[in-house]
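Visitor: Hello! Could you help me learn to read a protein structure, one feature at a time?

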Amino acid sequence: MKNPLPALFAATAFLLTASSAHAQANDYPSRPIRLIVPYNAGGAVDIVGRVYAQKLSQMLGQTVVVENRPGGSAMIGIKGVLQAPADGYTLLMSTTTYTTNTIVYKAPGYGLDDFAVVAGLGVSGLLLLQSTTVPANNYAELIAYAKANPKKLNMGTLGGGGITQLLSSRFQHATGIQTTDIPYSGGSAVMQGLLGGVVDIFIDPMPTAIPQLGSNRIKALASTTDGRSPLAPEVPTFKELGVPSMIGGAWFAVHASAKTPQAIIDKLRLQSTEMMKAKDFLDKLTAVKVDPWTTGPESFSRYLNADKLLWEKDAERLGLKGTL
């Protein structure tokens, strides 16, 4: 007869571990939570992070402190979360760079499997902007003009393997057009070039693009959102225009270390699901040009997996995969 003691000890250990995890979740949070934002204060990621922190603090009855740790293409802040105890008291405010870093950098210092999504907050799509100096009134006319005049159009781009560079490459590949790319060090400089007629076309995130649409010097021709964005409902999507690969944008999410007890991750996910039902929270996201993600953290995780495949193809096309 086999000795029953080892199995009994294993079962007891399992029950004690499960009991401990549930106790942790019941007590969580018993002290302030830190939300690491790997960017400077005042930017889009920081603003969305503070909106989330304020609401989470209200719902949990515990302070959520935003800590800005910029630098290294967000990698300093991201790795800082991994170096902290995996107890749910240090969370990461993340955006698309979190994914693209793992594609274009040789050694980003983290992998996507190191984290778990606890809140998918929303997506801010990008708009294809055109200077009114270009003789085209809509998307179809722009593509026709570009094909008839290879490399005549100047396209503003940003380097560093960021989403504007990757999407610009995807756009040209998907439509078969050729442009003369003009590299800039920042989005605001490109926008000035577009407004001044130096840049003909530019793919820009909605938060910075939409405020410029009142100008008679630029027009929005297409959006990278899956469906028409309520932020720019008059702008057709690339999907509508027959370019389904041109989907994506700057997404906003909150991650925790994947080693965090599952009961705590589940509690944070439940809070985020409830958060997305609160009108005051949704209104604040919309006010900063973010389309709220209302279908839950699990569906957001699936979205991130599909999104990563598109960025990988872009990086491979540009020869950027694992090169930085």
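Visitor: How many bridges join strand β3 to β9?

Guide: Let's begin with what we are looking at. This is a predicted model, where local features need pLDDT of at least 70, side-chain atom pairs count only at pLDDT 80 or more, and totals for chains, interfaces and linings use all residues. Residues are numbered from 1 along each chain as its sequence is written, and side-chain values use heavy atoms, with hydrogens and water left out. Helices (H or I, at least four residues) and strands (E, at least two) are DSSP runs, numbered from the N terminus. Two strands pair if DSSP finds at least two bridges between them. Here, strand β3 (residues 90-95) is joined to β9 by 4 bridges, and the two run antiparallel. Thr95 has Phe252 as its bridge partner in β9, while Met93 stands opposite Val254.

Visitor: Which sense does the pairing of β4 and β9 have?

Guide: Strand β4 (residues 115-131) pairs with β9 in the antiparallel sense, over 9 bridges.

Visitor: Is β3 largely enclosed or open, and why?

Guide: Buried means under 20% relative accessible area, exposed over 50%, and partly exposed in between (1.4 Å probe, protein chains only). In a regular strand the side chains alternate between the two faces of the sheet. In β3, 6 of the 6 residues are buried, so the strand is largely enclosed by the rest of the structure. Thr90, Leu92 and Ser94 cover one side, and Leu91, Met93 and Thr95 the other. Strand β9 (residues 249-257) is also largely enclosed, because 9 of its 9 residues are buried.

Visitor: Which residues of helix α5 are buried?

Guide: In α5 (residues 139-148), they are Tyr139, Leu142, Ile143, Tyr145 and Ala146. Seen down the axis, these buried residues fall within an arc of 165° (taken from the directions from the helix axis to the C-beta atoms), so they line one face of the helix. On the other side, Ala140 and Ala148 are exposed.

Visitor: What do the buried residues of α5 pack against?

Guide: Contact means heavy atoms within 4.5 Å. By that rule, the buried residues of α5 pack against β4, α6 (163-175), β7 (201-205) and β8 (218-223).

Visitor: Where is Gly176 found?

Guide: Look in the loop between α6 and β6 (180-184). Gly176 has 54% relative accessibility, so this residue counts as exposed.
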